[in-house]
Amino acid sequence: MMMESSMKREENVEDYVKKARLNSTLATLLHDPILADVPKNPTLSDVDTLISLKLGSAMRISILKLDDTSFDVALMNSATVKDLKLAIKKKVNNMEQSKMGHRHISWKHVWANFCLSYDKEKLLDDNSVLQDYGIRNNSQVHFIPYVLSKDSQKHSKGRKHRFFHGLNKYA
């Protein structure tokens, strides 16, 4: 019994040493300038996308913000507009986290007031594949103010207000 307990402790120590070595190696790799594009807490998906980027089955897209600053995201070549929006959200949240700690960004508000544009075309259909718009590796996508056309509006706040206000007049 004592021998089994001693063997378990040795296995636990060996596991601890292996994990410590792995974490040390990972930390060293993540601080290497060559791997600067790897996020600080990479997921398996992040690493897979970066490997695919090196192999040519993924693309790097530059996102130009309204203040003329930009950042890059990496996506698979088969990515949709929705995938791009999720990558932007993740990247911005990570940048904000590293700069200021946790700061809440209302992405519902962002996408209600701004949209992405490539080659003067708004990327409005979340299910569209980016390559259908001509977006390829090293393309630049822009944030632009989002204004619905009168034809596509269901009801603006003004119309709703006048509608309900009109009902009160006749009551």
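Me: In which loop is K120 found?
Reply: This is a predicted model, where local features need pLDDT of at least 70, side-chain atom pairs count only at pLDDT 80 or more, and totals for chains, interfaces and linings use all residues. Residues are numbered from 1 along each chain as its sequence is written, and side-chain values use heavy atoms, with hydrogens and water left out. Strands are DSSP runs (E, at least two residues) and helices likewise (H or I, at least four), numbered from the N terminus. K120 lies in the loop between β3 (114-118) and β4 (121-122).

Me: Is K120 buried or exposed?
Reply: Buried means under 20% relative accessible area, exposed over 50%, and partly exposed in between (1.4 Å probe, protein chains only). K120 has a relative accessibility of 85%, so it counts as exposed.

Me: What is the phi of K120?
Reply: K120 is not a glycine.

Me: What is the relative accessibility of N138?
Reply: N138 sits in the loop between β4 and β5 (140-145). Although not a glycine, N138 has a positive phi of about 70 degrees. N138 counts as exposed because its relative accessibility is 61%.

Me: Which residues does S52 contact, leaving aside its neighbours within four places in sequence?
Reply: S52 belongs to helix α2 (residues 44-55). With a relative accessible area of 8%, S52 is buried. Contact means heavy atoms within 4.5 Å. Beyond those sequence neighbours, the contacts of S52 are S57, A58 and M76.
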